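Open the model in a viewer and keep the selection panel at hand. The stops below can be followed in order.

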Amino acid sequence: RLTKYLSVVKDEKYKDLPFVWARLSIQHNKEFVKSIGVIPLPTIQFYIGGALTDTFPCGPSKFPILKKKLAQLVNANVDPDTSQVKQSAIDQATAQQQLQGK
């Protein structure tokens, strides 16, 4: 199962984009994992400017959803000329997080 996720992480089209890929073991991090709202495993979370913008369970059958959500995230929030996160996306994500009280 991990092979599918690694294929996305190592995909050339994402290599110059401002992404941080992380894999977290629940075994030694149960309290932290619970604090960020991860219940089913595996769970994918997208952050922009430190603000959580999307979270969803992503088992192998949902891999096409991951690819679609990732493409939408890039198209909506990354400047194609600079390959950097648009400031407007950071501002919007931060404002949304503040409204949610996080």
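A patch here is built from residues with over 30% relative accessible area and no salt bridge, and nonpolar side chains are joined within 5 Å. The model is a predicted one.

**Stop 1: a surface patch.** Select Leu6, Val9 and Trp21. Together these residues make a nonpolar patch on the surface, with an accessible area of about 230 Å². Trp21 sits in the loop that runs between α1 (2-9) and α2 (30-35).

**Stop 2: the largest pocket.** Switch to a surface view. The largest pocket holds about 1,400 Å³ of space. To find its centre, select Ala22, Arg23, Thr43, Ile44 and Gln45, the closest to that centre of the 36 lining residues. Then colour α1, α2, β1 (43-48) and α3 (63-77), the elements that each give two or more residues to the lining. The largest share comes from β1, with six residues. Coloured by class, the lining of this pocket shows 28 nonpolar, six polar and two charged residues.

**Stop 3: the second largest pocket.** This pocket has a volume of about 190 Å³. Select its lining: Phe46, Ile48, Thr53, Asp54, Lys69, Gln72, Leu73, Asn77, Ala89, Gln92 and Ala93. Two or more of the lining residues come from each of β1, β2 (51-57), α3 and α4 (87-99). Which element gives the largest share of this lining? It is α3, with four residues. By class, the lining of the second largest pocket divides into five nonpolar, four polar and two charged residues.

**Stop 4: a loop residue.** Go to Ser83, in the loop between α3 and α4. Check the backbone there: phi of Ser83 is near 60°, a positive value in a residue other than glycine.

**Stop 5: helix α4.** Finish at Ala95, which lies in α4. Ala95 has 34% relative accessibility, which falls between the 20% and 50% limits and therefore counts as partly exposed. Ala95 and Pro18 are 77 residues apart in sequence, and their C-alpha atoms are 20 Å apart in space.

How values were computed. Residues are numbered from 1 along each chain as its sequence is written. This is a predicted model: local features need pLDDT of at least 70, side-chain atom pairs count only at pLDDT 80 or more; totals for chains, interfaces and linings use all residues. Side-chain values use heavy atoms; hydrogens and water are left out. Patches are made of residues with over 30% relative accessible area and no salt bridge: like charges are joined within 9 Å, nonpolar side chains (Val, Leu, Ile, Met, Phe, Trp, Tyr) within 5 Å. Accessible areas come from the Shrake-Rupley method with a 1.4 Å probe; for residues, only the protein chains shown count as cover. A salt bridge is a side-chain nitrogen of Lys or Arg within 4 Å of a carboxyl oxygen of Asp or Glu. On a 1 Å grid over the protein atoms alone, a cavity is a set of points where a 1.4 Å probe fits but cannot get out, and a pocket is an open set with protein on both sides within 12 Å along at least five of seven lines; lining residues have an atom within 4 Å of a point. Grid points are joined across faces, edges and corners, and a volume is the space filled by probe spheres set on the points. Ala, Val, Leu, Ile, Met, Phe, Trp, Tyr, Cys and Pro count as nonpolar, Asp, Glu, Lys and Arg as charged, and the others, Gly among them, as polar. Buried means under 20% relative accessible area, exposed over 50%, partly exposed in between (1.4 Å probe, protein chains only).
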